[in-house]
Amino acid sequence: MLQQTQVATVLNYYPRFLARFPDVEQLAAASQDEVLALWSGLGYYSRARNLHRCAQAVVLQHGGQFPPTQSVLQTLPGIGRSTAAAISAFCFDERVAILDANVRRVITRVLAFAEDLALASNERALWSGATALLPGAAHAPDMPHYTQALMDLGATVCQPRKPACLVCPVNDLCLANGEGQPERYPVKSRKLKRSAQSLWLLCARRKDGSVWLQRRPDSGIWAGLYCPPVFGSSEELAAAVPMRNVPQLQEGLAFKHVLTHKDLYLHPVQWLADARVQPEGAGQWFAATEWPKMGLPAPVRALLTSAVPDV
């Protein structure tokens, strides 16, 4: 949950998630829909799907016990090299390096590592440098403290802008501090470009509060979640509505929803449908007691909740 998401946001979700799934067996046995419903609003939904698949792999392949080494942990769904190392270091005292964003910044500054991390070969070289800095083999029990200290150092002292070098406990070892230009590091030339996309949402509902939803594809925006039908234009949306019902469509105010590398401009179109009609294409009606419990993208949940009619 903490990957790409602030602690303050996660604190609202973690207790509920853990109360429902207190161990890996119960998470593995749950349906994906239930997992996504409890994740709804956190974003980056591939994390939830991977977490669910990971729990199933741990139960089916490892007898319900997480493997104790980075190399095996890294084979589980959704667990990359740095996350695997963090788990093995914290839980099993394994002597392995991590390189999350904060630690990467600390290590590049300590080593004055000026190579472009956009290149995989340079990233591998930095991993080697981080490994060389680990406590000696005799100090393996210190790995949880060492790993946590690096993470905290990057989060609180060795920040991207205006690092607090004067109070840094390793300032005498830091080559970037000796150069007097710590903000030069890390170096990464390749930047992901932001894009924008406009989408029209057909928010069809009945007087009893039920709404028409369809499951999104397994890849792309809002993958695997439930959502009103999504269209690339208002004309495409109108074509999905029976001709005699098109005049009943009411387009609301468009709003922007910000993703990591894309701005979505969402155009909600409301349709109070007769009980005997429905939009063209896949989907089904979900009762007013059902859809609030489903895995919905945050802007869709807000949109549907604000549009609940007085009946």
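Reply: The model shown is a predicted one.

Me: Is N245 buried or exposed?

Reply: N245 lies in the loop between α12 (234–239) and β5 (250–251). A residue counts as buried under 20% relative accessible area. The relative accessibility of N245 is 5%, and therefore N245 counts as buried.

Me: Which strand pairs with β1 in the parallel sense, and over how many bridges?

Reply: The partner residue of R205 across the bridge is L272, in β7. The parallel pairing joins β1 (residues 195–205) to β7 (residues 262–272).

Me: Which residue of β4 is the bridge partner of L201?

Reply: Strand β4 (residues 230–231) pairs with β1 in the antiparallel sense, over two bridges. The bridge partner of L201 in β4 is V230.

Me: How are α8 and α10 oriented relative to each other?

Reply: The axes of α8 (residues 101–111) and α10 (residues 143–156) come within 8 Å and cross at roughly 85 degrees. Angles of 65 to 115 degrees count as roughly perpendicular. The two helices, α8 and α10, are therefore roughly perpendicular to each other.

Me: What is the orientation of α4 to α5?

Reply: Helix α4 (residues 32–39) packs on helix α5 (residues 46–62) at an angle of about 135 degrees, the axes being 10 Å apart. That angle makes α4 oblique to α5. The residues Q32, V35, L36 and W39 of α4 meet R47, A48, R49, L51 and H52 of α5. As for handedness, the crossing of α4 past α5 is right-handed, and the orientation asked for is oblique.

Me: Which elements do the buried residues of α4 pack against?

Reply: In α4 the buried residues are V35, L36, A37 and W39. After α4 comes G41, with a positive phi near 105 degrees. The elements against which the buried residues of α4 pack are α2 (14–20), α3 (24–29), α5 and α13 (298–306).

Notes: Residues are numbered from 1 along each chain as its sequence is written. This is a predicted model: local features need pLDDT of at least 70, side-chain atom pairs count only at pLDDT 80 or more; totals for chains, interfaces and linings use all residues. Side-chain values use heavy atoms; hydrogens and water are left out. Axes are lines fitted to C-alpha atoms, for helices over the stretch in contact, and angles run from 0 to 180 degrees between N-to-C directions. Helices (H or I, at least four residues) and strands (E, at least two) are DSSP runs, numbered from the N terminus. Angles under 35 degrees count as roughly parallel, over 145 as roughly antiparallel, 65 to 115 as roughly perpendicular and the rest as oblique. A crossing is left-handed if the near helix is turned anticlockwise from the far one by less than a right angle, and right-handed if clockwise. Contact means heavy atoms within 4.5 Å. Buried means under 20% relative accessible area, exposed over 50%, partly exposed in between (1.4 Å probe, protein chains only). Two strands pair if DSSP finds at least two bridges between them.
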